[in-house]
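Open your viewer and get ready to select. We will go stop by stop.

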Amino acid sequence: MPHHTVYEAKIEHLQILDENGKLDKKLAKDTLTDDQVVYLYEQMRVCRELDEIAFKLQRSGRMGTYPQNKGQEANAVGSALAMVKGNDWVVPSYRENAALFMHGMPMHYVIQYWMGDERGSKFPEGVNITPLSVPIGTHMLHATGIAWAFKQRKEADRAVITYFGDGATSEGDFHNAMNFASVMQVPTIFYCQNNSWAISLPREQQMNSATVAQKALAYDMPTIQVDGNDIFAVYKATQDARKRAIEGGGPSFIEGVTYRLADHTTADDARRYRDEEELHAWLDKDPLIRTRKYMESVGIWDDKKQEELENRAKTIVKEVVDAAISVPAPESSEFFDDMYADLPEDLKLDWAESIADRAQCSGGGDPVMMVKIVDVKGKERYINAAYVRSVTPKGAEKADIDFGHWSGAVRVKQPAEQVAEILNSALPASFDEYLAAVDQQSQSSNNMSAATTIAALERDPEVILLGEDIGSNGGVFRATEGLMAKHGEDRVVSTPLDESGIMGTAIGLAIAGMKSIPEIQFEGFLGPAYDQLVNHGGRMRTRTRSAVTVPMTVRVPVGGGIHAPELHSDSPEAIYTHSPGIKVLMPCTPYDAKGLLNSAIKDPDPVIFFEPKRVYRTFKEEVPDEYYEIPIGEAKTVVEGDDLTVVTWGAPVFQCLEAIDNCPEDVSVELIDLRSIYPFDMDTIAESVRRTGRCVIVHEAPLTCGLGAEIAARIMEECFLHLEAPVQRVTGFDTIMPYYKLENEYLPEAPRILKGIKECLAY
Ligand SMILES: Cc1ncc(C[n+]2csc(CCOP(=O)(O)OP(=O)(O)O)c2C)c(N)n1
Ligand SMILES: [Mg+2]
């Protein structure tokens, strides 16, 4: 009798308070008291107020990108009440503010954090909350680990709750966390806020399963789906799960079915991909409305109380915002302080130097913004607007503004007011404005990659694009705008939220002979895809002695300077340069981008095509319509000179131009833009350095083991007898790239580069 059922399962759905505010008294027994209901309602209302004010702060340029919680508050408050503050741990994502406040996080911290100040994650002692997790899905493993520690230490009365979205359940780390928690039988509560969307990807395309809750069945974990806009159901499910956890019953899974009533973040516009009717249907299911209806129906709430609460919420939130704004600005070198318990000696030196450089650098670190200026002699010049703002030039009568090709050395003389006016209208205040501007730019089809990928799709039926949000949303940088509509969903594929999946399947597609072009949204999220890319994609050819190959081009926005949160501003090119089997490119102009992207797509091996984000917005030029290639491995001499060679790549090309412009007039500096990082053009570098005898290498990535180290070593090997001075490096610091309040202090801006050039010349 070998054929029999070995496992059967069902998923229960729990709703206690319906959307009309009607309570199922039987199910509500032993759940919330009237006082608790009022308390939770107040928490939700204050959180909603905070959300609305945060939105306004962002729109008025006083805050960076912010993810609203609107519509999902019941999940946060109902579950938070079922946990024990100061005893249990909360491992959050970024859409459960009210839960964090209920667990003791001061409210202004959340505002401070989204204002770009990471000290907003330094919670007071006794507040058991890990920082908001901006990378999706990575934190559930930490929740499992914390719960494991409780089990190991026999702290039987403690549990952990972790929050995440529906999209996060596509990530490998989610499954790893679930499996570990289940195998180790640890007290973790996995709370999924299924809000139906992951940016622009609807749940049905995220997963093919009818519920999220059923994913837990694979791990034999007690699991339930609840109405996530119903505080009673959320509370009850969490209470049951916690009881099970502390009684040794192991982990549990809760799917709270809810809805994101706002855009994904303030950088998003959901109208691009979401049906207004769907939104309106969910407005009626708002947790605040139904809770209020219920309270009124049982006589514990009225209009007067509502008015009082609204006034109170306004006052609380005003105080919170005042508190966040009045936190003194971080010291410029604050981002060094907590790198290690004991700061290594060389980092201390960096730190001191950064303080010394600050006076020179201030204001120089805004996003690169090339503007056309007509100088006093009537000559057109291209300069970085951000730097001009900081030096407030004087004396010119006429000013003009345009985005155009830089033309090497520039000296600017402008009336300060005129320049200020131009610059204020030109410089993006925040990541969102930056994105909006990218949007406009791509509409004029001047996006670096768009034209090339369109052409590739048209040229070659084997080309396929895959990545998060690249379909109806056109990608977060709009580099794939309109491509899905034109080429169909099977060639421009919005994938589940799973970088390992994107990379691994792109490798498979390429092995099968297709030309896959995966997009990873930000360089930081190459992390989850690293194993596939480096340990598999990069090795396939050599392992099979060329029987199996991977002709794939991975497009990845890279670098800082756009006011983005953690893991959205890094420069990891050296890691992949150090990984054999992969080519690495980083063009910084539209012309180069098109030519190199064509070469990358044609290339028979895996290529990472890094696109510097700062340049997306700030630099336009005419690009020929016809097909052309720029050979991989060929550098470009941007400015010719005889006294010193500057070698750089990516966005810093523009800062180097500024620095060169500010060199003494009798000094002639050569600027080389590598464009190809691996293989890089050592011949061009060596020829130049043999002539000039001096070299400064500039990159955004940290100093230690950056590509600058490799280039310096090669110069030593190939140009030793020609050197007049040691090779200088001007780079990011050996720290984590700081959040945006301090990113200008980190980036190698023109004054620091100029200092490096001068030191090298003076040696
Ligand atoms: C590892 C990783 N990949 C991509 C992103 C970019 N990103 C930010 S939020 C998001 C969607 C998340 O959806 P979901 O998990 O459902 O949470 P929600 O935003 O809906 O609350 C994506 C793709 C990221 N932050 N981290
Ligand atoms: Mg979601």
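**Stop 1: the ligand**

Select H264 and ligand 1. A polar side-chain atom of H264 sits 3.4 Å from an oxygen atom of ligand 1. Keep in mind that this is a predicted model.

Taken alone, ligand 1 exposes 590 Å², and the protein buries 95% of that.

Go on to W197. One of its polar backbone atoms lies 2.8 Å from an oxygen atom of ligand 1.

Next, show the residues around the ligand. There are 20 of them, and Y94, R95, G167, W197 and E499 come nearest. Colour this shell by class.

**Stop 2: a sheet**

Switch to the cartoon view. Find the open sheet of 6 strands, with the order β1-β7-β8-β4-β3-β2. The pairing is parallel.

Select residues 13-14 for β1 and 89-91 for β2. These two strands stand at the edges, and each has a single partner strand, so one side of each has no neighbour in the sheet.

Which strand is joined to β2 by 3 bridges? Select residues 160-165: this is β3, and β2 and β3 run parallel. Zoom in on V91. T162 in β3 stands opposite V91.

**Stop 3: aromatic pairs**

Show the aromatic rings. The count of aromatic pairs comes to 25. Select F335 and F733, which form one of these pairs. Their ring centres are 6.1 Å apart, with 50° between the planes, and the pair is tilted.

F335 lies in helix α13 (residues 334-337), while F733 is in the loop between β22 (728-732) and α29 (743-746). The pair therefore ties together parts that are 398 residues apart in sequence.

**Stop 4: backbone exceptions**

Most residues other than glycine have a negative phi, and most peptide bonds are trans. The last two selections depart from that pattern.

Select Y678 and P679. A cis peptide bond joins them, with omega about 0°. P679 belongs to the loop between β20 (676-678) and α27 (682-692).

Finish at R545. Its phi is positive, near 50°, and R545 is not a glycine. Look for R545 in the loop between α22 (540-543) and β14 (553-558).

Conventions. Residues are numbered from 1 along each chain as its sequence is written. Chains are lettered from A and ligands numbered from 1 in the order in which they are written. This is a predicted model: local features need pLDDT of at least 70, side-chain atom pairs count only at pLDDT 80 or more; totals for chains, interfaces and linings use all residues. Side-chain values use heavy atoms; hydrogens and water are left out. A residue is near a molecule or strand if one of its heavy atoms lies within 4 Å of it. A polar contact is a pair of N or O atoms within 3.5 Å; within protein, one must be able to donate a hydrogen and the other to accept it, and residues adjacent in sequence count only if both atoms are side-chain atoms. Accessible areas come from the Shrake-Rupley method with a 1.4 Å probe; for residues, only the protein chains shown count as cover. Two strands pair if DSSP finds at least two bridges between them. Helices (H or I, at least four residues) and strands (E, at least two) are DSSP runs, numbered from the N terminus. Rings of Phe, Tyr and Trp (its six-membered ring) pair if their centres lie within 6.5 Å; planes under 30 degrees apart count as stacked, over 60 as edge-to-face and the rest as tilted.
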